[in-house]
Structures are given as C-alpha cells and as structure tokens.
Amino acid sequence: MWNCTENQIEFVFIRHGKTKANQEKRYLGKTEEPLSELGREELSGRRYPKIQSLFTSPMIRCRQTAELLYPGLSYQCVSEWEEMDFGCFEGKNYEDLKDDADYQRWIDSGGTLPFPKGESREAFIMRCGRGLEYVLEQLPKQETLKNLPVGAIVHGGTIMALLSHYGSCGDYFDYQCQNGEGYRCLVHFRKESIRITEIEKVVLERGKA
C-alpha cells in the first residue's frame with residue numbers, strides 16, 4: 001500500500017507501433033490487430049529509454065511493441081489500459097464517417113460526447129486512472145527502486161487520458177502522439193492522491209540500444 005509521505009517515480013509512456021488500421025487512419029479501439037510490417041520496421045530503427053520494469057495494455061499491438069522494444073524483459077498486462085471503445089466509429093476513418101450525423105455531432109462537441117454505442121471520455125479516463133493506481137500498487141517501496149523509469153506500452157488514448165487528468169497544464173488532445181512515440185514524466189503518489197509533473201516528449205535516437 002502507498003504510505004502517507006509522497007513517493008515519486010519517473011514513467012515513460014510509449015504508444016504502440018503502427019498497425020494497418022493506424023496507417024489508414026481508422027479508429028482502432030477494441031479490435032485486436034497486430035503490428036504491421038511498417039510498424040515493426042519503425043520501432044526497430046529507434047533507440048528507446050532503458051527502464052526498470054514494464055507494464056502494457058493486454059492488446060496484441062501493445063504486447064508486440066513491448067517484446068520488440070524490450071526483448072527478454074517480462075511485463076505485466078493492465079486490463080484497464082485497453083484502448084477506448086469507439087462504438088459505431090470502430091474500424092472507420094474520416095472518409096467513411098464524414099457524412100454521418102452522429103460523427104458530425106461528435107466533432108462539433110470537440111470530442112467530448114460519448115461515442116455512439118461506445119465509451120465516454122469521462123468513463124475512459126476513470127478506467128485508465130484505475131489502471132495507474134494498480135500499477136503504483138505493484139511497485140516496490142521507494143528505497144528499493146532502481147534509478148530507472150518505469151515503462152508503459154499503451155495506446156494513444158491511454159496516454160492522453162492519464163496526462164490530461166493527472167497533469168496540470170494540458171488538455172486531452174494536447175497529449176496526442178504518433179505511433180512509437182511518447183512522453184516522460186514524474187508520477188507523484190501518496191494515499192488517495194496522484195499527480196503528474198515534468199511532462200516532456202521522449203527523445204528517440206536512430207538505431208538500436
């Protein structure tokens with residue numbers, strides 16, 4: 001359990017590599033889809049930060065990314081970090097939806113309306129937050145932590161949800177990132193309290209670690 005004094009640890013949140021649907025700019029939520037060849041090539045050509053432990057969404061695109069970036073490192077899946085349920089928009093892109101009245105209403109709302117037959121942003125953020133609470137409960141006591149960040153291979157939506165909710169200087173869509181990219185940050189936690197500070201883009205160099 002967390003103690004009454006504030007703990008802090010660095011996290012690296014990385015969005016999974018590209019899939020075919022990502023390349024076609026389709027809404028990819030609850031659908032299971034593996035990484036594309038392009039996605040694998042892009043990940044293999046970058047050097048990612050060293051980490052001490054690894055957590056992922058259970059979806060195959062995240063697990064495959066974790067295994068490519070950190071081969072041999074065991075990871076723990078966090079079910080609450082699955083991507084948002086896009087409902088009726090799942091598997092479709094702008095060209096498919098541009099004449100859809102429900103889609104236009106969603107666009108006009110700034111993306112705040114729930115997805116038809118899908119998930120609301122508020123419910124998604126709360127779900128992702130429960131996942132972060134779970135991860136923090138799994139970490140060893142502060143004095144036994146290595147001087148390396150905790151890694152999280154997740155979805156773009158998961159990153160936006162966590163950083164906008166627990167951070168203090170950005171809205172939901174401010175934390176969009178491309179496949180294979182992500183953010184470093186400090187997660188501060190104590191009993192019933194989490195906050196995220198020092199959010200910055202992960203700098204990715206070319207070549208393998």
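The buried residues of α6 pack against β1, β3, α7 (156-166), β6 (182-190) and β7, where contact means heavy atoms within 4.5 Å. The model is a predicted one, in which local features need pLDDT of at least 70, side-chain atom pairs count only at pLDDT 80 or more, and totals for chains, interfaces and linings use all residues. Residues are numbered from 1 along each chain as its sequence is written, and side-chain values use heavy atoms, with hydrogens and water left out.

Helix α6 covers residues 121-138; helices (H or I, at least four residues) and strands (E, at least two) are DSSP runs, numbered from the N terminus. The 18 residues of α6 reach 26 Å from the first C-alpha to the last, close to the 26 Å expected at 1.5 Å a residue, the expected span being 1.5 Å times one less than the number of residues. The buried residues of α6 are R121, F124, I125, R127, C128, G129, G131, L132, V135 and L136. Buried denotes under 20% relative accessible area, exposed over 50%, and partly exposed in between (1.4 Å probe, protein chains only).

Six strands form an open sheet with mixed pairing, in the order β4-β3-β5-β1-β6-β7; two strands pair if DSSP finds at least two bridges between them. Because β4 (76-77) and β7 (193-201) stand at the edges with a single partner strand each, one side of each is left without a neighbour in the sheet. Strand β1 is mostly covered, with seven of its nine residues buried. β1 runs antiparallel to β6, to which eight bridges join it, and Q8 has H188 in β6 as its bridge partner. β1 and β5 run parallel and are joined by five bridges, with V150 in β5 as the bridge partner of F11. The pairing of β3 (residues 53-56) with β5 (residues 150-154) is also in the parallel sense, over four bridges, and L54 stands opposite G151 in β5.

Helix α3 (residues 60-69) lies across β1 (7-15), β3, β4 and β5, and runs at about 140 degrees to β5. Axes are lines fitted to C-alpha atoms, for helices over the stretch in contact, and angles run from 0 to 180 degrees between N-to-C directions.

The largest pocket holds about 940 Å³ of space. Of its 35 lining residues, R15, R26, Y27, M160 and Q176 are the closest to its centre. At least two residues of the lining come from each of α1 (20-23), α5 (101-108), α6 and α7. On a 1 Å grid over the protein atoms alone, a pocket is an open set of points where a 1.4 Å probe fits, with protein on both sides within 12 Å along at least five of seven lines; lining residues have an atom within 4 Å of a point. Grid points are joined across faces, edges and corners, and a volume is the space filled by probe spheres set on the points.

The loop between α5 and α6 contains G111, which counts as buried at 7% relative accessibility. Leaving aside neighbours within four places in sequence, G111 is in contact with W106, R121 and F173. From G111 to R121 the separation is 10 residues in sequence and 8.2 Å in space, C-alpha to C-alpha. K117 lies in the loop between α5 and α6 and is exposed, with a relative accessible area of 78%. The phi of K117, a residue other than glycine, is positive, near 60 degrees. E198, in strand β7, is not a glycine but has a positive phi of about 50 degrees; E198 is exposed, with a relative accessible area of 61%.
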